[in-house]
Amino acid sequence: MKATFLALCLTIGLTAPAFASKYYVVQNSKTLKCSIAPKKPKGKTVVLVGAGTAHKTRGEARVALRKSTNCSK
């Protein structure tokens, strides 16, 4: 019983990061305004900023958004 529980915990612990949210800094190519998106965009009017880097938290994405020189203020 303990071995099964330990194996289950180990499996969940190793696979949980794969399901973690990722945040992207995106720019609307028409208005040049940037925002943070929880999913990778698939449209022609929205492009990724910063070589499409995914950020682990919304806070990290906000910092990247502030540092970006491509976005209009």
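Which residues make up the largest nonpolar core? The core consists of seven residues, Y23, V25, C34, I36, V49, A61 and C71. A nonpolar core here is a set of buried Ala, Val, Leu, Ile, Met, Phe, Trp, Tyr and Cys residues joined through side-chain atoms within 4.5 Å. The model is predicted: local features need pLDDT of at least 70, side-chain atom pairs count only at pLDDT 80 or more, and totals for chains, interfaces and linings use all residues. Residues are numbered from 1 along each chain as its sequence is written, and side-chain values use heavy atoms, with hydrogens and water left out.

**Confidence**
- The chain averages a pLDDT (the predictor's confidence in each residue, from 0 to 100) of 77, and 71% of the residues score at least 70.
- Confidence is lowest in helix α1 (residues 2-15), with a mean of 57, and highest in β2, at 90.

**Overall layout**
- Two helices and three strands are present in the chain; helices (H or I, at least four residues) and strands (E, at least two) are DSSP runs, numbered from the N terminus.
- Along the sequence the pattern reads α-β-β-β-α.
- Of the 73 residues in the chain, 18% are buried, where buried means under 20% relative accessible area, exposed over 50%, and partly exposed in between (1.4 Å probe, protein chains only).
- Contact means heavy atoms within 4.5 Å; among contacts between residues at least 6 apart in sequence, 42% join residues at least 24 apart.

- The three strands form an open, antiparallel sheet in the order β2-β1-β3, with two strands pairing if DSSP finds at least two bridges between them.
- Its edge strands are β2 (34-37) and β3 (46-48), each of which pairs on one side only.
- Neighbouring strands of this sheet are turned by 40 degrees against each other on average, direction ignored; axes are lines fitted to C-alpha atoms, for helices over the stretch in contact, and angles run from 0 to 180 degrees between N-to-C directions.
- Helix α2 (residues 58-67) packs on the sheet and touches β1 and β2, its direction making about 165 degrees with that of β2.
- Strand β1 (residues 24-28) pairs with β2 in the antiparallel sense over four bridges, and V26 has S35 of β2 as its bridge partner.
- The hairpin formed by β1 and β2 has five residues between the strands, and L32 in the turn has a positive phi of about 65 degrees.

- Not counting residues up to four places away in sequence, A61 touches Y23, V25, I36 and H55.
- H55 lies in the loop between β3 and α2 and counts as buried because its relative accessibility is 14%.
- Not counting residues up to four places away in sequence, A54 touches K22, Y23 and Y24.
- A54 and K40 are 14 residues apart in sequence, with a C-alpha to C-alpha distance of 8.4 Å.
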